[in-house]
Amino acid sequence: LLFESFAYRRGVPPGADFVFDARVLPNPHWDPALRPLSGRDQGVRDFLEQQPEVAAYADGVAAFLDQWLPKMQSDTRSYATIAFGCTGGRHRSVYLAERLAEHCRERGWAEVAVHHRELD
């Protein structure tokens, strides 16, 4: 599994199997203290984890992945790319890619990678 974050202004990553739009969630960019950070940083994670809609969004995506990724695997698929986009590709999408990658690791998926297109 590859979890990828991206900025919509640079386009959706080619080859993504599932694309989730995080622009509906509160944006840490508008907090001057959080703006230079990324979704990997504790301050941004704390901000996003305090927002009920972020938890609901992540839980909904987790339930979707739990239901459909095994079906893809049983269909002889050897890989899947799950992409999360937001405006700048630094905060919300990065946080969600990391969180959902960890969710899949906890569910026993052996090979889980994360790529942050705007950070890496």
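So, overall size: a compact globule of 120 residues would have a radius of gyration near 14 Å, and the protein chain has 14 Å, which agrees. That radius is taken over C-alpha atoms, and the globule rule is 2.2 Å times the number of residues to the power 0.38. Along the principal axes, the C-alpha trace spans about 45 × 30 × 20 Å.

Quick housekeeping: this is a predicted model, with local features needing pLDDT of at least 70 and side-chain atom pairs counting only at pLDDT 80 or more, while totals for chains, interfaces and linings use all residues. Residues are numbered from 1 along each chain as its sequence is written, and side-chain values use heavy atoms, leaving out hydrogens and water.

Okay, the fold. We've got three helices and four strands, in the order β-β-α-α-β-α-β from the N terminus. Those are DSSP runs numbered from the N terminus: H or I, at least four residues, for helices, and E, at least two, for strands.

Now contacts, meaning heavy atoms within 4.5 Å. Take the ones between residues at least 6 apart in sequence: 78% of them join residues at least 24 apart.

Burial next. Buried residues make up 42% of the 120; buried is under 20% relative accessible area, exposed over 50%, partly exposed in between, with a 1.4 Å probe and protein chains only.

Where is it? Asn 27 sits in the loop between β2 (18-21) and α1 (42-49). It counts as buried because its relative accessibility is 19%. Leaving aside neighbours within four places in sequence, Asn 27 touches Phe 47, His 91 and Arg 92.
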